[in-house]
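Dear colleague,

Please find the structure below, handed over for your study. The notes after it set out what was found.

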Amino acid sequence: MVQATEGPAPSRDRAFASWSERSLMLVAPVGDGQDIRFLEGLTEKIVGIDVSPVAVAKVPAGVEAHVGDMKRMTGFPDRQFPVVVTPLFFHHFRQDLDPFLAEIYRVLKPGGLFVALEPSILHPLSWITRSLRHVAGNITGQVEDEGPMVPISLSRAMRRCGFS
């Protein structure tokens, strides 16, 4: 278990400890690249994809950023990436995960590492913010299509798309 006092670097390093091929990482979606700073030093090269050309234009130098749809990443061959990181994305598409996961599975190398960072319905902060929204309004800036993930829903969708 990760202790809160450790900070992000030891936790991050331990999470990626089993990842042996450190040559290439896909961040999908990359957005404007704000999450890149947490991934630097884990890989030799970071590639990102995002549907927004405005966001991609803001991605930091050194990241190979592409404008494209995560449902059809035609610019990437099958089994190209040893690791794919998906930061804070699926909670916007809770009812339609399969097209995204199937495409991630296609570009992920066999035995590769897939990391999805998502807010969980099981996290106490989720319970607090949901309750506060009823009393104080939308204090977190949550958009209409956004909501916490039910972990088993993501696990089931991953299995349907080929993940084991």
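In which helix is the place of Glu 103? Glu 103 sits in helix α4; helices (H or I, at least four residues) and strands (E, at least two) are DSSP runs, numbered from the N terminus.

Before going further, please note that this is a predicted model, in which local features need pLDDT of at least 70 and side-chain atom pairs count only at pLDDT 80 or more, while totals for chains, interfaces and linings use all residues. Residues are numbered from 1 along each chain as its sequence is written, and side-chain values use heavy atoms, with hydrogens and water left out.

**The chain as a whole**

The protein chain has six helices and five strands. Read from the N terminus, its elements follow the order α-β-α-β-α-β-β-α-β-α-α. Of its 164 residues, 35% count as buried; buried means under 20% relative accessible area, exposed over 50%, and partly exposed in between (1.4 Å probe, protein chains only). Among contacts (heavy atoms within 4.5 Å) with a separation of 6 or more, 63% are between residues 24 or more positions apart.

**Glu 103**

Glu 103 counts as buried because its relative accessibility is 10%. A polar atom of the Glu 103 side chain lies 2.7 Å from the backbone nitrogen of Met 73. This is a polar contact, a pair of N or O atoms within 3.5 Å; within protein, one must be able to donate a hydrogen and the other to accept it, and residues adjacent in sequence count only if both atoms are side-chain atoms. Leaving aside neighbours within four places in sequence, Glu 103 is in contact with Met 70, Lys 71, Arg 72, Met 73 and Thr 74.

**The nonpolar cores**

A nonpolar core is a set of buried Ala, Val, Leu, Ile, Met, Phe, Trp, Tyr and Cys residues joined through side-chain atoms within 4.5 Å. The largest one holds 25 residues, of which Leu 26, Phe 90, Leu 101 and Phe 114 touch the most other members. Two or more residues each are given to this core by β2 (46-50), β4 (81-87), α4 (98-107), β5 (108-117) and α6 (151-160). Helix α4 supplies the largest share, four residues. Another core, of twelve residues, lies apart from this one and includes Ile 46, Val 59, Val 63 and Val 83.

Beyond its neighbours within four places in sequence, Phe 114 is in contact with Val 84, Thr 86, Phe 90, Leu 101, Ile 104, Leu 108, Met 158 and Phe 163.

**Strand β4**

Val 84 is found in strand β4 and is buried, because its relative accessible area is 0%. The C-alpha atoms of Val 84 and Ala 28 are separated by 7.2 Å, although these residues are 56 residues apart along the chain.

Thr 86 also has its place in strand β4. At 0% relative accessibility, Thr 86 counts as buried. Its side chain reaches the backbone oxygen of Ala 28 at 3.1 Å.

**The second largest pocket**

How is empty space found? Rolling a probe the size of a water molecule over the atoms shows where it is left. On a 1 Å grid over the protein atoms alone, a pocket is an open set of points where a 1.4 Å probe fits, with protein on both sides within 12 Å along at least five of seven lines; lining residues have an atom within 4 Å of a point. The second largest pocket has a volume of about 380 Å³, where grid points are joined across faces, edges and corners and the volume is the space filled by probe spheres set on the points. Of the 19 residues that line this pocket, Pro 29, Gly 31, Asp 50, Leu 88 and Phe 89 are the closest to its centre. By class, the lining has ten nonpolar, five polar and four charged residues; Ala, Val, Leu, Ile, Met, Phe, Trp, Tyr, Cys and Pro count as nonpolar, Asp, Glu, Lys and Arg as charged, and the others, Gly among them, as polar.

Pro 29 is found in the loop between β1 and α2, and a cis peptide bond, with omega of about 0 degrees, joins Ala 28 and Pro 29. Gly 31 has its place in the loop between β1 (25-27) and α2 (36-39). Not counting residues up to four places away in sequence, Gly 31 touches Asp 50, Ala 55, Val 56 and Val 59.

**Two further loop residues**

Arg 79 is found in the loop between β3 (63-67) and β4. Arg 79 has a positive phi of about 55 degrees although it is not a glycine. At 55% relative accessibility, Arg 79 counts as exposed.

Glu 118 is found in the loop between β5 and α5 (124-136) and, at 19% relative accessibility, counts as buried.

With kind regards
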